[in-house]
Amino acid sequence: MSLHPTLQPYADAWTHSIEAISELVQPLVEGEWNRRTPCPGWSIRDIVSHVIGLDNEMLGDPRPIHTLPRDLFHVTNEHQRYMEMQVDVRRHHTAPEMTSELEYTVIRRNRQLRNESRDPGTKVRGHLSTEITLEESMRTHAFNVWAHEQDLRTALGRPGNLDSPGAHIARDVLLAELPQVVADKAKAPRSSAVVFDVHGPIEFLRTIRVDIQGRGTLETAPALGPAATLTLDWETYVRLACGRVTPEAVSDRVKAEGDPELTEAILRNFKVTK
């Protein structure tokens with residue numbers, strides 16, 4: 001294996017999640033592909049189309065030339081339009097076409113990963129004609145595929161893999177967004193701290209400290225006398241951060257202590273996916 005050691009965890013996470021997705025959708029009959037998922041506006045077919053499209057772009061394939069319908073209510077910005085292209089172009093594909101393309105894409109991606117020898121800092125194509133590092137691309141991709149595996153599991157009533165390699169990547173990706181959620185979006189008071197106590201298959205206790213300039217930093221040390229503490233389970237944390245549920249829908253699964261206006265503002269701005 002020539003893959004750089006820094007990139008191996010992301011490859012492992014992708015492999016675990018994509019194999020789980022393949023296993024979940026392989027036995028589905030035609031009608032089940034239209035079942036709704038927690039991902040706004042997307043069916044099971046749409047999720048799998050999105051995952052196939054993401055991997056095709058990791059392979060460097062050209063994007064489809066396609067005109068989107070104007071009545072897609074869930075498409076409200078350029079990023080969503082970009083993502084929808086790979087989905088809408090496959091909306092009339094049959095179940096065998098979907099599983100065949102998924103299988104072929106996985107074979108090609110596995111071959112690419114076996115031969116991947118580039119440095120993690122190599123610049124590669126990102127979304128909307130951006131340039132990002134290979135490491136950032138693979139980390140984000142591993143997170144996305146795991147999150148969509150969870151969408152499929154919810155839609156099919158088959159929970160699992162909440163502590164898989166992809167789940168640990170997701171934890172790190174989502175935690176990196178917390179300082180912006182607390183300090184920038186929720187406007188937590190300067191020189192304050194907010195504690196997140198998460199339990200379940202993945203557990204962690206993290207503090208966001210807001211300095212005198214209003215900048216937030218992520219710390220592992222607990223805070224004495226925090227302005228707010230949020231206690232919730234890992235699955236609820238993920239669903240909130242990925243915009244799959246509203247704070248109101250899971251209010252019974254979130255224990256908020258401290259400044260009620262601050263905790264409300266944090267939960268209102270908890271979604272970090274685009």
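This is a predicted model: local features need pLDDT of at least 70, side-chain atom pairs count only at pLDDT 80 or more; totals for chains, interfaces and linings use all residues.

Residues are numbered from 1 along each chain as its sequence is written, and side-chain values use heavy atoms, with hydrogens and water left out. Helices (H or I, at least four residues) and strands (E, at least two) are DSSP runs, numbered from the N terminus.

Helices, then. Helix 1, residues 8-25, packs on helix 5, residues 134-156, at about 25 degrees, and the axes are 9 Å apart. That makes the two helices roughly parallel, a label for angles under 35 degrees. Axes here are lines fitted to C-alpha atoms, for helices over the stretch in contact, and angles run from 0 to 180 degrees between N-to-C directions. Who touches whom, with contact meaning heavy atoms within 4.5 Å? On the helix 1 side we have, among them, W14, I18 and L24, and helix 5 brings residues including M138, W146 and L152. The contact residues split into 15 nonpolar, two polar and four charged; Ala, Val, Leu, Ile, Met, Phe, Trp, Tyr, Cys and Pro count as nonpolar, Asp, Glu, Lys and Arg as charged, and the others, Gly among them, as polar.

Five strands make an open, mixed sheet in the order 5-4-3-6-7, where pairing takes at least two DSSP bridges between two strands. Strand 5 and strand 7 are at the edges with a single partner strand each, so one side of each has no neighbour in the sheet. The twist averages 15 degrees from one strand to the next.

At one end, strand 4 (204-210) and strand 5 (216-219) run antiparallel, joined by four bridges, and R209 has T217 as its bridge partner. Their hairpin has five residues between the strands, and G214 there takes a positive phi near 90 degrees. Strand 6 and strand 7 are antiparallel too, over five bridges, with L230 opposite A256. Helix 7 lies across strands 3, 4, 6 and 7, at about 105 degrees to strand 6.

Last one: salt bridges, meaning a Lys or Arg side-chain nitrogen within 4 Å of an Asp or Glu carboxyl oxygen. The count is 19. In one of them, D46 and R91 have their closest N and O atoms 3.0 Å apart. D46 is in helix 2 and R91 in the loop between helix 3 and helix 4, so the pair ties together parts 45 residues apart in sequence.

Methods. Angles under 35 degrees count as roughly parallel, over 145 as roughly antiparallel, 65 to 115 as roughly perpendicular and the rest as oblique. Contact means heavy atoms within 4.5 Å.
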